[in-house]
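Dear colleague,

I am handing over the structure we spoke about.

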Amino acid sequence: MSTSPPVVAEEPRGIGTELPVPPTGPRRRSSFLSGPAGRHLGLVAALVALCVIGMITAADRFGTGSNIRTILTLAVVIGVLSVGMTFVIIGGGIDLSVGSLVALASVWSTTVATQTMSGQGWWAIAMVALIVGTVCGLVNGIFVAYGPIVPFIMTLATMAAAKGLAEVISAKKTQVIRESSFKDFFNGSVIGIPVQVIVFAVVGVIGWIVLNRTTFGRRTYAIGGNPEAARLAGINVKTHTVALYALMGLCCGIAAILISARTNSGSSNLGIGYELDAIAAVVIGGTLLTGGRGTIVGTVIGVLIFTTLNNVFTLNNLDTSTQAVAKGAIIVIAVLLQQRLARTELRA
């Protein structure tokens, strides 16, 4: 009896067995415009348009060297806070306490350094500010991760508590910094570039490296995109969440150092309202409020857009109420554009 080899039925082609179709030209252009490079290009175009408006409406003042220096200096504190906020929002959280943490760190550091550690040098003020900011961030992270308490509620409570603690420590009085080396160092410049701008640049570069070239950054995106999937993949979501808020607190400490050096004082009113500015800059920069997407480059451009916008408003003598309305409208427009881009990416 002869045997014949078994006949293997040809697998019918259907879904999943189709040959790959090379992308067409229009689809490649759509992917580019909806991707990070396209979004950054759009942000740069918006920044250039804003500069043109400034040149037209305040031609004799906007383009001067001193005004550009002012814009960069004002961008420093918001920029440092926005870098930390980018990590928190990409990780699926939010932090409303950053303004109060800046106030608490500035008051605590200037009080301790000018009383119990007087004469120790500028590093004493800086170290106390960094420690206070980081510890407060750790507290936020622990309660959010292990509480668990919704980030919005937890950081809202911390915002109130830190503001109150800053008023208790300072007795609602401004603490004047008498350490001349602290003021001289952080208000100085290197080859014409202000030290505060250099600090912002260093924080931005480190933030970019951590977010794009390390496991910590990849886990941040994973947790923000889908925390349950990240947990099943072996990521310790709770520990990572604590680290994200501690990083935010560290940025608050750095911001407190910079703003204290600029104002030569520590006060419970420093930094108040900065949380909204930082969130607005991050959102304008393209970071998705629901987490999982965002870039440090976009955030830095968003900070420059936000600061330049403030400068144009000020040069054109717009009152603070009008500025607040305009900022609110810009934030709403930015969020609507984000949602439109997200829907476009899902359909692509």
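The notes below go from the whole chain to its salt bridges and then to its aromatic pairs.

This is a predicted model, in which local features need pLDDT of at least 70 and side-chain atom pairs count only at pLDDT 80 or more, while totals for chains, interfaces and linings use all residues. Residues are numbered from 1 along each chain as its sequence is written, and side-chain values use heavy atoms, with hydrogens and water left out.

The whole chain

The chain holds 14 helices and four strands. Both are DSSP runs numbered from the N terminus: helices are H or I with at least four residues, strands are E with at least two. The chain has 348 residues, and 45% of them count as buried. Here buried stands for under 20% relative accessible area, exposed for over 50%, and partly exposed for what lies in between, using a 1.4 Å probe and protein chains only.

The accessible surface of the chain is about 17800 Å², and carbon and sulfur atoms supply 67% of that surface. These areas come from the Shrake-Rupley method with a 1.4 Å probe; for residues, only the protein chains shown count as cover.

As for contacts (heavy atoms within 4.5 Å), take those in the chain with a separation of 6 or more: 79% of them are between residues 24 or more positions apart.

Salt bridges

Side chains of opposite charge can pair when their charged atoms come close. The rule used for a salt bridge is a side-chain nitrogen of Lys or Arg within 4 Å of a carboxyl oxygen of Asp or Glu. Searching the whole structure gives three salt bridges.

One of them joins the side chains of D60 and R61, at 3.6 Å from N to O. D60 is exposed, at 59% relative accessibility, and R61 is partly exposed, at 37%.

Another links E167 with K163, at 2.6 Å from N to O. Both residues belong to helix α6 (residues 151–170), where they sit four residues apart, about one turn of the helix. E167 is partly exposed, with a relative accessibility of 23%.

R231 and E228 also form a salt bridge, with 2.5 Å from N to O. They are three residues apart in helix α10 (residues 227–232), again about one turn of the helix. R231 has 46% relative accessibility and counts as partly exposed; E228, with a relative accessible area of 41%, is partly exposed too.

Aromatic pairs

A pair of aromatic rings is described by the distance of the centres and the angle of the planes. Rings of Phe, Tyr and Trp (its six-membered ring) pair if their centres lie within 6.5 Å; planes under 30 degrees apart are stacked, over 60 edge-to-face, and the rest tilted. The count by this rule is three aromatic pairs.

In the pair of F87 and F216, the ring centres are 6.4 Å apart and the planes stand at 45°, so the pair is tilted. F87 is in helix α3 (residues 65–90) and F216 in helix α9 (residues 215–225), so this pair ties together parts 129 residues apart in sequence. F87 is buried, at 2% relative accessibility, whereas F216 is partly exposed, at 26%.

F185 and F186 have ring centres 4.9 Å apart and planes at 90°, so that pair is edge-to-face. F185 is partly exposed, with a relative accessible area of 40%, while F186 is buried, at 8% relative accessibility. Together with F182, F185 and F186 make up one aromatic cluster.

Regards
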